[in-house]
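Let's walk through this model together, one part at a time. Have the sequence and the 3D view ready.

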Amino acid sequence: MPDMTLTIRPYEDADEAVVADLWHTCNLVVPWNDPVSDIRAKLDVQREMFLVGTVDERVVASAMAGYDGHRGWVYYLAVHPDWSGRGFGQRLMERVETLLRAAGCPKINLQVRESNVDVIAFYERLGYTRDRVVSYGKRLDGR
Ligand SMILES: CC(C)(COP(=O)(O)OP(=O)(O)OC[C@H]1O[C@@H](n2cnc3c(N)ncnc32)[C@H](O)[C@@H]1OP(=O)(O)O)[C@@H](O)C(=O)NCCC(=O)NCCS
């Protein structure tokens, strides 16, 4: 019988295509971010904090984390819809928290679109609270 449990491990180079597909499937790909470029850029910076979740050795989930010396950030949390609702997202976030805590990180920040009420409910269930800040950004790559 196949093993349906989640295994969490660091991203490996052979995961590239399946992770990019996963992000498309989970609607995480926006026109201004190319998933393959984002994956390759991450491999130069704390690649050990880029995680995938597998079931029976197939990649079904991901999380990309990092610690900048002050705060930890999480991007590209994704669980394939065929595998949602089984605690996989929570398990990945707990692993991210363990890694960041071990690195000395005191707080995790993350950004969710205000319209993404499902994901807001998910993070609130995991104990995340809304900060009273407005998020600003400025592109440095001319895009
Ligand atoms: C958000 C996402 C990662 C959740 O993964 P998941 O594996 O389905 O979630 P889990 O099964 O681990 O849920 C953990 C807890 O959150 C709750 N939860 C999850 N989705 C929820 C929702 N839409 N509404 C309310 N609670 C929710 C679960 O009920 C569970 O709580 P419980 O233990 O009390 O039952 C997944 O739905 C996803 O990949 N979404 C699309 C990509 C995305 O938007 N990512 C976030 C980018 S910021």
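A residue counts as near a molecule if one of its heavy atoms lies within 4 Å of it. By that rule, 19 residues surround the ligand, and the closest are Leu 77, Val 79, Gly 87, Gln 90 and Arg 125. This is a predicted model, where local features need pLDDT of at least 70, side-chain atom pairs count only at pLDDT 80 or more, and totals for chains, interfaces and linings use all residues. Residues are numbered from 1 along each chain as its sequence is written, and side-chain values use heavy atoms, with hydrogens and water left out.

Look next at the oxygen atoms of the ligand. A polar side-chain atom of Arg 125 lies 2.5 Å from a ligand oxygen. A polar backbone atom of Gly 87 is 2.8 Å from an oxygen atom of the ligand, and for a backbone N or O atom of Gly 85 the distance to a ligand oxygen is 2.9 Å.

Now turn to the helices. Two packed helices are described by the angle between their axes and the distance between the axes. Helix H1 (residues 16-25) and helix H2 (residues 35-42) have axes that come within 9 Å and cross at roughly 125°.

Conventions. Axes fitted to C-alpha atoms, helices over the stretch in contact; angles between N-to-C directions. Helix = DSSP H or I, 4+ residues; strand = E, 2+ residues; numbered from the N terminus. Polar contact = N/O pair within 3.5 Å; in protein donor to acceptor, adjacent residues only side chain to side chain.
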